[in-house]
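Open the model in your viewer and keep the sequence panel beside it.

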Amino acid sequence: MRMNFKLNFEYGGASGSENQPPPRKEDRSLQNQGQQAAGASNALALPGPEGSRNPPMEKSQNALTVGPSLRPQGLNEVGPHGRGTAIISASGSSERNSSTSAIMERIPSRWPRPVWHAPWKNYRVISGHLGWVRSIAFDPSNQWFCTGSADRTIKIWDLASGKLKLTLTGHIEQIRGLAVSSKHTYMFSAGDDKQVKCWDLEQNKVIRSYHGHLSGVYCLALHPTIDILLTGGRDSVCRVWDIRSKMQIYALSGHDNTVCSVFARPTDPQVVTGSHDTTIKFWDLRYGKTMTTLTNHKKSVRAMALHPKENCFASASADNIKKFQLPRGEFLHNMLSQQKTIINTMAVNEEGVMATGGDNGSLWFWDWRSGHNFQQAQTIVQPGSLESEAGIYALSYDITGSRLVSCEADKTIKMWKEDELATPETHPLNFKPPKDIRRF
């Protein structure tokens with residue numbers, strides 16, 4: 001049917017069509033359409049005699065415009081992704097277009113279409129630290145947040161006003177990890193000085209120290225249901241501590257390099273670690289053994305983010321950002337763009353907006369479901385800083401997920417929120433579904 005249409009369309013008005021056999025009954029209307037369309041182009045090219053087959057120009061133009069009554073029934077004006085698609089109906093008619101792509105049936109992409117999210121904007125810059133700001137944690141009541149810095153202090157800031165509430169000293173090296181307990185009045189900190197400290201926020205002083213790491217401690221996480229603390233560091237071990245007794249329960253060893261990211265879940269796998277050896281490991285907390293090792297990344301896994309609602313998490317390295325299913329760790333897909341920098345940190349909120357912070361100061365926002373990168377922001381260094389100090393070391397959403405706080409190499413803390421004035425009309429979604437879906 002398609003070949004028949006193509007022949008009629010391209011050669012219907014050529015001289016020599018008299019010798020062809022008479023068309024079949026069902027093809028006659030199709031041939032007439034093709035001859036009318038071809039006659040339009042031949043009216044200019046072949047100036048024949050008056051009794052020639054070519055119709056005058058006005059007629060041929062009328063023949064080319066298809067009104068609503070003449071449009072075949074099997075024709076969609078706009079396809080699923082906004083492009084015009086021509087679907088051949090049972091009679092074999094199609095939208096008249098000079099290219100053969102109009103005859104081909106276009107299959108819609110099965111890739112999920114991204115949800116529209118408003119772009120984020122920087123609304124506050126807080127300066128107060130005297131060194132790189134390396135870590136951040138939010139208070140469960142959402143009234144304040146704390147930041148740890150290379151100036152060896154922990155500062156507590158009011159979330160609403162951005163004013164400094166308190167400065168805590170005690171570490172002798174930069175502070176790489178922070179966590180605030182939701183069940184106790186405790187805050188935990190870990191740093192390059194191999195120390196892991198528990199702070200009582202009623203007395204504002206250290207009440208416990210956890211000794212055991214052989215080198216700097218790079219990441220820290222609290223278990224959501226049990227009173228245990230997880231720390232990972234340069235000694236390539238993730239250590240599990242009993243908060244109350246200061247005892248080390250396990251040393252989860254198996255990584256070949258620095259453990260630089262960790263998170264905990266209430267159900268198996270309860271502990272997930274990412275390392276500079278490019279692997280992600282799931283740990284069985286009953287036996288202190290590895291459950292699964294994911295080797296999908298080619299570069300160091302410096303950041304991971306667990307989705308607050310769904311059973312999946314994302315991990316970031318310099319090669320790609322990947323999404324994995326929990327509890328088994330099946331690879332879902334890569335994010336659809338590459339940030340082309342070392343990604344130090346990432347965070348995701350309940351609306352499905354994921355933010356990733358790069359070593360070059362790029363802050364990218366992604367739609368969680370489809371992996372579409374909908375905004376690429378660039379932080380501006382505070383006056384007096386070098387351009388090379390545009391680097392983001394830590395990101396965290398507040399408890400509601402409506403504010404994002406970034407900790408940066410220019411010694412500032414920047415706060416971001418969604419642009420209230422933005423609409424899908426002012427900031428349209430520019431999404432092209434991927435042609436090839438990589439399975440690794």
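Select S236, which sits in the loop between β11 (228-233) and β12 (237-242). Strands here are DSSP runs of E of at least two residues, and helices are runs of H or I of at least four, all numbered from the N terminus. S236 is not a glycine, yet its phi is positive, about 55 degrees. Its relative accessible area is 16%, so S236 counts as buried. Buried means under 20% relative accessible area, exposed means over 50%, and partly exposed lies in between (1.4 Å probe, protein chains only).

A note on the model: it is predicted, so local features need pLDDT of at least 70 and side-chain atom pairs count only at pLDDT 80 or more, while totals for chains, interfaces and linings use all residues. Residues are numbered from 1 along each chain as its sequence is written, and side-chain values use heavy atoms, with hydrogens and water left out.

Next, select K194. Its phi is near 70 degrees, again positive in a residue other than glycine. K194 is in the loop between β7 (186-191) and β8. Is K194 buried or partly exposed? It is partly exposed, with a relative accessible area of 42%.

Show β6 to β9. These four strands form an open, antiparallel sheet in the order β6-β7-β8-β9. β6 (175-180) and β9 (205-210) are the edges; each has a single partner strand, so one side of each has no neighbour in the sheet. On average, neighbouring strands are turned by 25 degrees against each other, direction ignored. The axes behind that angle are lines fitted to C-alpha atoms (for helices over the stretch in contact), and angles run from 0 to 180 degrees between N-to-C directions.

Zoom in on β8 (residues 196-200) and β9. They pair in the antiparallel sense over five bridges. Two strands pair if DSSP finds at least two bridges between them. Highlight D200: it stands opposite K205 in β9.

At 0% relative accessibility, C198 counts as buried. How many disulfides are there? The count is zero, where a disulfide is a pair of cysteine sulfur atoms within 2.5 Å. C407 is in no disulfide, and the nearest cysteine sulfur, that of C146, is 9.5 Å away. C407 also counts as buried, at 0% relative accessibility.

**Around C407**

Select β27 (residues 403-408). Five of its six residues are buried, so the strand is largely enclosed by the rest of the structure. β27 pairs with β26 (residues 392-397) in the antiparallel sense over five bridges. Y397 has L404 in β27 as its bridge partner. The β26-β27 hairpin has five residues between the strands, and G401 there takes a positive phi near 85 degrees.

Five bridges join β27 to β28, and the two run antiparallel. S406 has K414 in β28 as its bridge partner. Three residues lie between the strands of this hairpin, and K411 takes a positive phi near 75 degrees.

Show β18 to β21. They form an open, antiparallel sheet in the order β18-β19-β20-β21. The edge strands, β18 (303-306) and β21 (331-334), each pair on one side only. Neighbouring strands are turned by 20 degrees against each other on average, direction ignored.

β20 (residues 321-325) pairs with β21 in the antiparallel sense over three bridges. K323 stands opposite H333 in β21. Then select P327, in the loop between β20 and β21. A cis peptide bond joins L326 and P327, with omega about 10 degrees.

For another cis bond, jump to D268 and P269, where omega is about -10 degrees. P269 lies in the loop between β14 (259-264) and β15 (271-275).

**Last stop: the cavity**

Select S317, A318, D319, N320, I321, S337, Q338, Q339, K340, T341 and I343. They line the largest cavity. On a 1 Å grid over the protein atoms alone, a cavity is a set of points where a 1.4 Å probe fits but cannot get out, and lining residues have an atom within 4 Å of a point. The lining divides into three nonpolar, six polar and two charged residues. Ala, Val, Leu, Ile, Met, Phe, Trp, Tyr, Cys and Pro count as nonpolar, Asp, Glu, Lys and Arg as charged, and the others, Gly among them, as polar.

The space inside is about 50 Å³. Such a volume is the space filled by probe spheres set on the points, which are joined across faces, edges and corners. The search of the whole structure finds one cavity of 30 Å³ or more.

Conventions: 1 Å grid on protein atoms, 1.4 Å probe; cavity = no way out; pocket = protein on both sides within 12 Å on 5 of 7 lines; lining within 4 Å.
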